[in-house]
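Dear colleague,

Please find below the structure that I am handing over to you, with its sequence. My notes on what was found in it follow directly after.

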Amino acid sequence: MSEHDHDHHHHDHDHSELSETELRVRALESILSEKGYLEPAALDAIVQAYETKIGPHNGAQVVAKAWTDPAFKKALLEDASKAVGTLGHVSRVGDHLVAVENTPGRHNMVVCTLCSCYPWEMLGLPPVWYKAAPYRSRAVRDPRGVLTDFGVSLPKETEIRVWDSTAETRFLVLPMRPEGTEGWSEQQLAELVTRDSMIGTGFPRKPGAPS
Amino acid sequence: MNGVHDMGGMDGFGKVEPEPNEPMFHEEWESRVLAMVRAMGAAGAFNIDASRFYRETLPPHVYLSSSYYRKWLLGLEALLLDKGFIAQDDMAAGHSVTPASPLKHGKFSVADVERVMVRGKFGRTAPALAKFKAGDRVRAKNIHPATHTRLPRYVRGHIGVVERDHGCHVFPDTAANDAGERPQWLYTVVFDGRELWGPDSDPTIKVSIDAFEPYLEPA
């Protein structure tokens, strides 16, 4: 092993196979580690935490609870950070979460035109399309066209409200509860809540639809 | 700055193409870049506004042709070089060959990981009363700061309505340049689609931004 190799699974290739970007990333990590700025094991732990602790299952639980518990829904719409903070398992959300409710008359959609702001703690890391130019450029000007790209259409009279995440506030769309789910448990309902339905580029699954 | 990152309303980028069953990372190095940015930020090398600004200042052709995490890598390298945490000689050698600089919060270790998984707090005590309240008509100022700003070009000069008051927050325009947090009131301001995009706009769309008070004037 050369002196900058660490005992990690990502260092098991020969350098000749690596791309220019991979070489730069390894070099930078070596420099930061050798200068004593960080422990490589801490980087492993960060990646592992992102891979296991955050994801749209957190947001789905919040949505399902709002569908079944009117007091929670009211609290969520008034102060989402506070309401979500009462659910211990998703307590990483921080102070600036805002939940916005879809209704028959209004559909909400979230974008970050300037970079990639997204409610990580609720939905996980954003997908590539959310961070890429086509979505960021068009969502604020032609949201119906963007929805068409997702195979989604809304009645022509429905108001579309686009939330551009230009500050540290983060937006979570509360989609409408699908019909035919009367009497369902929170757990059953959470299975219907998709990531895109909480961004506003999709709807929850219908009962009986494949997941 | 009026950079290519400020994309709202631009044409020509094509369709949105969602990837079915997209993995969290497409290449392993992407996860290392994400972790390095989080770790160095938490160690006090820079704040979130500076890290955004350094990505925005990548040359336009580089910004547009680089993948998301490639932009993060290039921004991180440039930021650490500028702040003196690494040197060109280190980069050329692929190892540390120059002395380290002190980090505000010290070395980032495994014990610090849980801290980065909890979102930061950006709310601050109000230094002054709010100038606007929900329902007020406001105009987004026609300003073009040469450095970091969170006022997108597509709203500048346009009239909207204050919908929510989020309290006082760290001001990115100054925080990004080591000019202090200078907390400012933050409001959700809603614009009608036709106000932003003209009479041919879809009349059913409304667009909001979260605007810091210095971005707004009474209308």
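I begin with Ser116(A), which is buried, its relative accessible area being 11%. Because the cut-off for burial is a relative accessible area under 20%, the value of 11% places Ser116(A) in the buried class. Please bear in mind throughout that this is a predicted model.

Ser116(A) sits in the loop that runs between strand 2 (106-111) and helix 6 of chain A. Apart from neighbours within four places in sequence, Ser116(A) is in contact with Pro126(A), Tyr130(A) and Lys131(A), and also with Tyr68(B).

Cys117(A) belongs to the loop between strand 2 and helix 6 of chain A. Cys117(A) is buried, with a relative accessible area of 3%. When neighbours within four places in sequence are set aside, the contacts of Cys117(A) in chain A are Cys112(A), Tyr130(A), Ser165(A), Ala167(A) and Arg170(A), while chain B contributes Arg52(B) and Arg150(B).

An unreviewed UniProt entry places the feature "binding site" at Cys112(A), Cys115(A), Ser116(A) and Cys117(A). From this set, Cys115(A) and Ser116(A) are part of the lining of the largest cavity.

I turn next to the second largest pocket. This pocket holds about 1,200 Å³ of space. Its lining comprises 39 residues, and those nearest the centre are Arg38(B), Phe46(B), Asn47(B), Ile48(B) and Phe122(B). By residue class, the lining divides into 17 nonpolar, 15 charged and 7 polar residues.

Several helices supply at least two residues each to the lining of the second largest pocket: from chain A, helix 6 (120-123), and from chain B, helix 1 (28-42), helix 2 (48-56), helix 4 (68-82) and helix 6 (113-117). Helix 2 of chain B gives the most, with 6 residues.

Finally, a word on the domains of chain B. The domain assignment gives domain 1 (28-117) and domain 2 (123-218) for this chain. In the contact between them, domain 1 of chain B takes part with 7 residues and domain 2 of chain B with 9 residues. The centres of the two domains of chain B, taken over C-alpha atoms, are separated by 29 Å.

With kind regards

Terms used: Residues numbered from 1 in each chain as written. Chains lettered and ligands numbered in written order. Predicted model: local features only at pLDDT ≥ 70, side-chain atom pairs only at ≥ 80, totals over all residues. Heavy atoms only, no water. 1 Å grid on protein atoms, 1.4 Å probe; cavity = no way out; pocket = protein on both sides within 12 Å on 5 of 7 lines; lining within 4 Å. Points joined across faces, edges and corners; volume = space filled by probe spheres on them. Helix = DSSP H or I, 4+ residues; strand = E, 2+ residues; numbered from the N terminus. Nonpolar A, V, L, I, M, F, W, Y, C, P; charged D, E, K, R; others polar. UniProt positions renumbered as here; feature names shortened; annotations may be inferred. Buried < 20%, exposed > 50% of the residue type's maximum accessible area, 1.4 Å probe, protein only. Contact = heavy atoms within 4.5 Å. Domains from an automatic or database assignment.
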